[in-house]
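The following exercises are intended for a reader who meets this structure for the first time.

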Amino acid sequence: MQVPAIDIICSDLESIWIPEIWIEVARHTGIQALSKTTRDIKNYDELMTFRIKTLKQHKLKLSDIQQIANSIKPLPGAVKMISWIRSVCPFFIVSDTFIEIVGPLAKKLGSPPLLCHTLETDEQGCITNYHLRSKNFKRKVVQAFQDLNFRVTVIGDSYNDLHMLKIADQGILFNPPKDIQNSSPGLGQTFSYKELKATLESTASTIQ
Ligand SMILES: [Mg+2]
């Protein structure tokens, strides 16, 4: 007998539920170069290599970034929205961030399951490298759930979300930058939690 597919939701983290961490780092440190994000640079390796080099130049340590990250608050309404989603179906945050930086922030969101990467530091606590859980991580997470007969809805906003959004059973952009809006006509577009909730309610079979 065919097991019926169950809905599951995978979502990006930054600009969906919390502000962009590196923009906050740039604001707190005054280092404008650190304000670039996956919304600006398509190649993630290029972006992370640039960030690590910039942190080294300014002698910033992981603990400095953690301190700033710990001061970040969820976006208004995020905690309530995540709580609602988790009350109706399994929910995972799938992020190209690093557990060392976002661990405490996830607690402020009610500790949803968080799948992300790790950082490497030297003896002085400076970030020297980063380790992706795997290449094409976000797409592979969605693919793995689909292989297990889950029907996956994906919520994202950036270039690094496009692969997982496009293979999802349902891909929903949340407040994306203009060029992503224009280049992704096949994806649903939402600009508030109210719109996001209405879209999820109207399309996901197990969500009431
Ligand atoms: Mg994002």
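**Exercise 1.** Does Tyr 44 count as buried or exposed, and at what relative accessibility? Describe also where Tyr 44 is found and what Tyr 44 touches.

*Solution.* The model is a predicted one.
Step 1. Tyr 44 is found in helix H2, which covers residues 44-57.
Step 2. The relative accessibility of Tyr 44 is 12%. Buried means under 20%, so Tyr 44 counts as buried.
Step 3. Leaving aside residues up to four places away in sequence, Tyr 44 touches Thr 38, Arg 51, Asp 96, Thr 97, Phe 98, Tyr 130 and Leu 132.
Step 4. One of these contacts, Asp 96, is 52 residues from Tyr 44 along the chain, and the two C-alpha atoms are separated by 8.7 Å.

**Exercise 2.** Determine which residues coordinate the magnesium ion, and how the donors are spaced along the chain.

*Solution.* 
Step 1. The ion is coordinated by Asp 12 (OD), Glu 14 (O) and Asp 157 (OD). The distances are 2.0 to 2.2 Å.
Step 2. Along the chain, the donors follow the spacing D-x1-E-x142-D.
Step 3. As for accessibility, Asp 12 and Glu 14 are both buried.

**Exercise 3.** Carry out the corresponding analysis for helix H1 and H3.

*Solution.* 
Step 1. Helix H1 spans residues 21-29. The axes of H1 and H3 come within 10 Å, and they cross at roughly 105°.
Step 2. Angles of 65 to 115 degrees count as roughly perpendicular, so H1 is roughly perpendicular to H3.
Step 3. From H1, the contact is made by Ile 21, Glu 24, Val 25, His 28 and Thr 29; from H3, by Ile 65, Ile 68 and Ala 69.
Step 4. The residues of this contact divide into five nonpolar, two polar and one charged.

**Exercise 4.** Describe the packing of helix H4 and helix H9, and then the accessibility of Lys 80.

*Solution.* 
Step 1. Helix H4 (residues 78-88) packs with helix H9 (residues 193-203) at an angle of about 10°, and the axes are 11 Å apart.
Step 2. With such an angle, H4 is roughly parallel to H9.
Step 3. Ala 78, Met 81, Trp 84 and Ile 85 in H4 meet Tyr 193, Leu 196, Lys 197, Leu 200 and Glu 201 in H9.
Step 4. In this contact, seven residues are nonpolar, none is polar and two are charged.
Step 5. Lys 80 also has its place in helix H4. Its relative accessibility is 71%, so Lys 80 counts as exposed.
Step 6. The C-alpha atom of Lys 80 is separated by 22 Å from that of Gly 188, a residue 108 places away along the chain.

**Exercise 5.** Locate Thr 190 and list its contacts.

*Solution.* 
Step 1. Thr 190 belongs to strand S7, residues 188-190.
Step 2. With a relative accessible area of 1%, Thr 190 is buried.
Step 3. Residues up to four places away in sequence not being counted, Thr 190 touches Ile 172, Leu 173, Phe 174, Asn 175, Pro 176, Glu 195, Leu 196 and Thr 199.

**Exercise 6.** Characterise Lys 59 and Asn 136 by phi, location and accessibility.

*Solution.* 
Step 1. Phi of Lys 59 is near 55°, a positive value in a residue other than glycine. For Asn 136, phi is likewise positive and near 55°.
Step 2. Lys 59 is found in the loop between H2 and H3. Asn 136 lies in the loop between strand S4 (127-131) and helix H6 (137-147).
Step 3. Lys 59 is exposed, with a relative accessible area of 69%, whereas Asn 136, at 40%, counts as partly exposed.

How values were computed. Residues numbered from 1 in each chain as written. Predicted model: local features only at pLDDT ≥ 70, side-chain atom pairs only at ≥ 80, totals over all residues. Heavy atoms only, no water. Donors = N, O, S within 2.8 Å, 3.2 Å for Na, K, Ca; no water. Buried < 20%, exposed > 50% of the residue type's maximum accessible area, 1.4 Å probe, protein only. Helix = DSSP H or I, 4+ residues; strand = E, 2+ residues; numbered from the N terminus. Contact = heavy atoms within 4.5 Å. Axes fitted to C-alpha atoms, helices over the stretch in contact; angles between N-to-C directions. Parallel < 35°, antiparallel > 145°, perpendicular 65-115°, else oblique. Nonpolar A, V, L, I, M, F, W, Y, C, P; charged D, E, K, R; others polar.
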